[in-house]
Amino acid sequence: MKTITLLPADTYTVVNKSILTNEDRKNLIALYEPIIGPLAVSLYLTLWHDLDACELFSRNLTHHHLMSILKCNLQTIKKSRESLEALGLMKTFVKTGSINEYIYEMFSPLSPNEFFNHPVLNIVLYNNIGASEYEHLKTY
């Protein structure tokens, strides 16, 4: 598999594959952030923000735009993106060329019920935050 180097001039388009509610945002921070960290959550929310209210596709943007907004380098953006992909929050497609074109498909987080019944995610969350905080979140 060929490794593609992410460059500031590479473009991306965000594709909305679901609806992101205020409840989803709360779940993202409470349940996912302890696993993937604040930078990945910021990337996720920034990509959603690139979509206007009810759009299915964003305008074409560059990764330099993300670097400016998030105040981080491309390696950090790539690592954050991979974390989001690993948890099913987004999928990435790329068309290579002189300027690579990325498509970022965005998905809503799992509901709390789905999350706490997931065979892996609930265990990873428990290991990251400990028993007391885990029980507090489950009760909440």
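Trainee: Leaving aside its neighbours within four places in sequence, which residues is L20 in contact with?

Mentor: Contact here means heavy atoms within 4.5 Å. By that rule, L20 is in contact with R25, Y44, L45, W48, S108 and P109. Before we go on, this is a predicted model: local features need pLDDT of at least 70, side-chain atom pairs count only at pLDDT 80 or more, and totals for chains, interfaces and linings use all residues. Residues are numbered from 1 along each chain as its sequence is written, and side-chain values use heavy atoms, with hydrogens and water left out.

Trainee: Where does L20 sit, and is L20 buried or exposed?

Mentor: L20 is in the loop between β1 and α1. Those names come from DSSP runs numbered from the N terminus: helices are H or I runs of at least four residues, strands are E runs of at least two. Buried means under 20% relative accessible area, exposed over 50%, and partly exposed in between, using a 1.4 Å probe and protein chains only. L20 comes out at 11%, so it counts as buried. Its C-alpha lies 8.0 Å from that of F107, 87 residues away along the chain.

Trainee: Two of those contacts are aromatic. How do I read a ring pair?

Mentor: You describe a pair of aromatic rings by the distance of the centres and the angle of the planes. Here the rings of Phe, Tyr and Trp (its six-membered ring) pair if their centres lie within 6.5 Å; planes under 30 degrees apart are stacked, over 60 edge-to-face, and the rest tilted. The whole structure holds 7 aromatic pairs. One of them is Y44 with W48, edge-to-face at 6.2 Å centre to centre and 65 degrees between the planes.

Trainee: How many residues apart are Y44 and W48, and in which helix do they lie?

Mentor: An α-helix has 3.6 residues a turn, so residues three or four places apart point the same way. Y44 and W48 are both in helix α2 (residues 38–50), 4 residues apart, about one turn of the helix. Y44 is buried at 0% relative accessible area, and W48 is buried too, at 9%. For another example, the F115 and F116 rings have centres 5.9 Å apart and planes at 80 degrees, so that pair is edge-to-face. F115 and F116 are both buried. Ring pairs also link Y32, F115, F116, Y126 and Y134 into a cluster.

Trainee: What does Y32 touch, beyond its neighbours within four places in sequence?

Mentor: Y32 lies in helix α1 and is buried, with a relative accessible area of 1%. Its contacts are N27, G37, L87, L89, P109, L110, F115 and L121.

Trainee: Which residues of α4 are buried, and which are exposed?

Mentor: L74, I77, S80, R81 and L84 are buried in α4. They cover an arc of only 125 degrees around the axis (taken from the directions from the helix axis to the C-beta atoms), which puts them on the same side of α4. Q75, K79 and A86 are exposed on the other side. The buried residues pack against α1, α2, α3, β3 (90–95) and β4.

Trainee: What caps the N-terminal end of α4?

Mentor: N73 does: one of its side-chain oxygens lies 3.2 Å from the backbone nitrogen of Q75. The rule for such a polar contact is a pair of N or O atoms within 3.5 Å; within protein, one must be able to donate a hydrogen and the other to accept it, and residues adjacent in sequence count only if both atoms are side-chain atoms. Just after α4, G88 takes a positive phi of about 75 degrees.
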